[in-house]
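Me: I'd like to go through a structure with you, from the overall build down to single residue pairs. Could you take my questions as they come?

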Amino acid sequence: MGSSPRRLSIHPSVTWGGKESDTDLTIKSPSPPDSQLKPTIKLPGLLSKAGRLCSSHKQLMRMADSYDEARSKQVEDQINYDHLRKLERMFREADVDGGGGLDMEEFRKAMKKIMGGISDEDVDVIFMKVDTNCDGSVDWEEYLNYMLREYRGKDDMLKNEMIPEFQITMKPVPVAHAEEIVKIQFFPNQSRVFERDRPRRGGPSGRFLTVSRDGILHYWSDSFKMLRTVYLDQTKRRQSLKLWVIDMLCLPNINLLAIASTDQDIEFFDIGGNKCDRLFALADLEGCATAMDYWTDGRKGVFCVGDMKGNVLIFTSTDVVMKGLFNVRSYIGGLARVPVQILMKGKSETYRNFSVSALHGDWCQQITYISQLNLVASCAPAEKTAMALTSLPLHNIGKTQSAVIVLKKGILCFDYASEINILVTGGFEPLIQVWNPYVTSSPITQMKGHATAVTHIMVNRQRETIVSISKDKNIRIWDLMDHFCLQSIHGRNVPLGNFPISAAYYHRPSNILVCATYTIGLFIGAESSDGDVRSHDQPLCCALYNKNFKQAVSGSYNGSICVWDIITGQKLMEFSTAKGNPVEITAMIFDPPQRRLITSLKNGIIKLWNFNNGACLMELPFVDKGEISCITYVDNKIFVSGWSRRVTWYLDTKEEDKVIESKHWKSYHSDDVLCMDGHSNRLLVTASCSGDIVLWNINSGQAFCRFNASESPLALLPKREFSVSTESLSLPKKTTGFHFRSGRRCLACGMSGPRSRATFPWRPISAKVHSGSSVPHRCPGSAVHESRAVQPKAEVIFLNTRERDPNTAILMTSSSDGFIYAWAVGNKGGMMGKFRGAHGTAREIAVSAMSTDDKDLVLFTGDTLGYIKIWDIMDYCRPVETKNTTEEKSDEVLSANSFCNLIPEYCRYCPKSETRDATESVLNGWVTTLVPPPCLSSWRGHLKKIVSISYVERFRAILTASHDCTVKLWMLTGRHIGTFGQSLWRLGMQQLVMAEVPEELRRTASLHTLKVLNEGRRPHWESTRSILQSLSQQKRQQSMLMDFLNVKTALSGDAASKMQELIHKETRMANYTDEQIEATFQKWEESGKKTSHILGRAYKQKVRRPLLKQLPEMKAHVANKDETRIYHCVQYTDLQLLASPHIPEILMEAQQNQATVEQRTVKKGKRWMTLSGFVKPTLKSYMRRKQVEHTKE
């Protein structure tokens, strides 16, 4: 033989190594494609390279996709076990100063030494994620705990996001057999015309076929309604020799059905159309056929058989449609029996048959032809020959070669995934094993979960899932790529009797699993809501942007917090504020370093989170036991307020063993506090439902000023409120303290003195979904408590870049009437400006969210209708420059706002002013400007109230959250980037993709909104505007005509002049003079007097009515779809009475006499039939007559 090994080609890239007895498969490892290599260049270089090499837009997008896929994989995901071991050692070696941890520089050197080419920005992001307390040091335990919590949180997030593949409830099919069902097959319809006329979303239509052990064949529709029942035993047998079916197989493209039975025969039936006729049978098999398989590509065909002795038979045909699968044309008849030995001996170019004797040492459980590898795979419950891979020769001279997989207890079932080239097997051991068909020595991986033997395995290539069924009727769905269980259906949810599942079929196009024992049950695939995918399941409370990690953090009313990557839109983390019973989130913010997330819950608990891994770092109980409506962080203090109507602060300390201080300020609000904000670590502002805006000195905790737009535009003195609650009277005036327990950051209250339980007015659940935002007008004292449940949330915001000055507005507030107020803070300050910020003029629409950029050049607002507006406030309510300032300098100041150049002209919007021509209002010598700032852009972004809006300075994007359960990202120009949770994107490369309008806005948005969302590139807006103008003109003309018709006699002169003007303006009459109209009328009269020599004067000539140039307006009123439409105005002619022809008197008398005779004849005939008994024959009268005749006899 020589030293060179024998090789057999089974695939162009696959070779068989070793001698005939060897069972190892080897594959030539091709070089990896360029797309799989790790990119080593940055984005600008990639784009420049793509611009030189790519000749089409698609190639550029592919390169962008590969780059984004590589960048989306975070550095934490690339760290493996070896990296962790090296990192632990580096932690100890790099700790030069002996402080027990690494600072940022030491951590950066250690990570670069281990990971290699990693950027400083990525290392700094990891350091900031771990160092949540901002002490500038990270130790090994702290880093390890962070990594563990992050992996655990991501695993929980994936499990929560998993949609069950099948509905847990099984749908039973009403059928019962005396013997168990052994096989289920699907026979698709072969009529192309039928498939074209009836397209189906769930794949091709067809019929299901089931056969029981005693040979009863059932036809089912694709919705499992029984169509027909056929008894396959068409020969007369004795009772002891009745038909016993083992397997069934459909051959759809040649309309054949193969039945294997204990007669050691394989019978073939013609099932084309609606028939089931026996054609022929393959007889004289060495053993009973236990497994069959058929493959075809439309022309070629391969038919495989495995029997109870372990033999494998393979039949191939090059043209199954024209020449058939077997060379049996001379044998075909009603009871034709074709010996298998004759077929095996026959050799031709069309038919090639192969036989492998005793390939398995036991029954062949399953056999399948794998066309991608050109081999036949078969399995048996035998250890040494658990699975055999029999390759077919590529040439006529070659022979088959087999390789086996050795596995303890053998294999009972398997399936092949061609996309990733793996075999999935199951057997008596309760394991799901994944194999590489080229490496048969050991499996790639195995999945545990079943408790008994696995009897059925099915792979869904499209959904990348594995369906396995065990003997105890446990159905499990596995992820094909990640190898974990997606869903488990317990046996008690499979009510098919106390029997194992004997047959199963997975209809992959419609995602339906059919299981059978003596009865049939269906598991229908769970419907995914792809068309209505939202960011959260419940309305949003808030959405924040973190500039350190380039992430968006959103919280909803069901207590879930989601972390999103703002560059790609991918969800990075999701966790709940409370396990078990979710608690509503009422407010949330970041601390100044933006390392921690601070949330307030409806039950009054404040929690600090490491939002990157979902770990709760601290919990602060709110001693007032009421709902917290607002929270802010100023000067290392956490300020909260809400239903208690007073401000409480907690000192944020980095030391775990130190007592946390807390203190309550005096109450100056008569109603619930809704919002607050801080300015330069010195000022704090709070706003309540009553309209009071109170300003505080943070250092002293005293209120020094109060504003209320409904009372006065000037500054007011704050009013002390003593009737907050009975608890507030018993509070000690000294500072309270909270301390940590051992190791864990849990807080205990250290206040002294008796305390009574707080009593607060009850608020309904609907109060959490506010109808508007802002500070409303002051309500009467008797209506304060009733208005609590319906008052919208207030919004206040400081302009931190402006200096505090009596002539400069540094505070912006919103009101329930839709107006935004600008205030100068101080005892000498007041209302500097006022303008309507909400869309439209309706009073119920209010501004619900406000924010500014870092330099306070523009104001971003969102209202309760879902509109987003951008206002230029750079020079709004600032002191006027002196007269000696040159005009050139003022022009430079006006052009300094860069947002005017970033936002195109088509986005400009001019809101309707409610103050008409007034530019200012004066009250008690105080001047308030009424001129609104320029509105740079306006569009509708959501269908419901916007709860938060933020500006992403780095990417010039806008982040919004709404009560419609979505979080969206927009460009500064109004272009929609994407909705978090619905799709992924590539921030910074939007210009390569055409702008798309969200589906929900496409149906409801206004013309201006659609123009902004489409970037002004829609020429049909002009035609639409012209159509609207013409319609409005027609409406005005109609109103003028109605005024003329309803005018009084005293005004006849004016009415005539108006009518004359209307006639001149009418397009259908303005083209003709009075003489022309009169001439046409005379012509019509003459044409109407024409007569006919045959019909006389009754003849009238038919004249086609000319079409009008402009059809009249039609208004249809339809109360029901079944009713006819009634139009106010259609083209019509006057109805004329038809003259009845003259009838002679003699003819009229003859007709009357004839009618009288007919009536008398009918009455006489009825009377005679009643007397003679000849009535309408019925069954009752017939039986009575028979009984009378029998009695007479």
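The chat below goes from the whole chain to its cores, strands, salt bridges and surface.

Me: What kind of model is it, and how are residues numbered?
Reply: This is a predicted model, in which local features need pLDDT of at least 70 and side-chain atom pairs count only at pLDDT 80 or more, while totals for chains, interfaces and linings use all residues. Residues are numbered from 1 along each chain as its sequence is written, and side-chain values use heavy atoms, with hydrogens and water left out.

Me: How many helices and strands are there in the protein?
Reply: The protein has 19 helices and 67 strands, where helices (H or I, at least four residues) and strands (E, at least two) are DSSP runs numbered from the N terminus.

Me: And what share of the residues count as buried?
Reply: Of the 1193 residues, 46% count as buried; buried means under 20% relative accessible area, exposed over 50%, and partly exposed in between, with a 1.4 Å probe and protein chains only. The accessible surface of the protein is about 65,200 Å², and 53% of that belongs to carbon and sulfur atoms, with areas from the Shrake-Rupley method (1.4 Å probe; for residues, only the protein chains shown count as cover).

Me: Which residues touch the most other members in the largest nonpolar core?
Reply: In that core of 40 residues they are F798, L811, M812 and L859, a nonpolar core being a set of buried Ala, Val, Leu, Ile, Met, Phe, Trp, Tyr and Cys residues joined through side-chain atoms within 4.5 Å. Strand β54 (residues 819-823) supplies the largest share of this core, five residues. Another core, of 26 residues, lies apart from it and has L251, A258, V305 and V338 among its members.

Me: What is F798 in contact with, leaving aside its neighbours within four places in sequence?
Reply: With those neighbours set aside, F798 is in contact (heavy atoms within 4.5 Å) with residues including D677, H679, L683, V685, I810, L811 and V825. For the protein as a whole, residues 24 or more positions apart account for 53% of the contacts with a separation of 6 or more.

Me: Switching to β22: why is it described as largely enclosed?
Reply: Five of the five residues of strand β22 (residues 413-417) are buried, so the rest of the structure largely encloses it. Both of its faces are covered, with C413, D415 and A417 buried on one side and F414 and Y416 buried on the other.

Me: Which strand is joined to it by five bridges?
Reply: That is β23 (residues 422-426), which runs antiparallel to β22, and two strands pair if DSSP finds at least two bridges between them. Y416 has L423 in β23 as its bridge partner. The two strands form a hairpin with four residues between them, and N421 in the turn has a positive phi of about 55°.

Me: D415 is charged, so what does its side chain meet?
Reply: The side chains of D415 and R461 meet in a salt bridge (3.5 Å, N to O), defined as a side-chain nitrogen of Lys or Arg within 4 Å of a carboxyl oxygen of Asp or Glu. Because R461 lies in the loop between β26 (454-460) and β27 (465-470) and D415 in strand β22, the pair ties together parts that are 46 residues apart in sequence. D415 counts as buried at 13% relative accessibility, whereas R461 is partly exposed at 27%.

Me: Where do R596 and D652 lie?
Reply: R596 is in the loop between β37 (585-590) and β38 (597-601) and D652 in the loop between β43 (648-651) and β44 (660-664), 56 residues apart. Their side chains meet in a salt bridge (2.4 Å, N to O), and R596 counts as buried at 8% relative accessibility, as does D652 at 14%.

Me: Last topic, the surface: which residues make the nonpolar patch of about 350 Å²?
Reply: The patch is made by L1007, I1027, L1028 and L1031; patches consist of residues with over 30% relative accessible area and no salt bridge, like charges being joined within 9 Å and nonpolar side chains (Val, Leu, Ile, Met, Phe, Trp, Tyr) within 5 Å. Helix α15 (residues 1020-1045) gives the most to it, with three residues. L1028 lies in that helix and counts as partly exposed at 46% relative accessibility.
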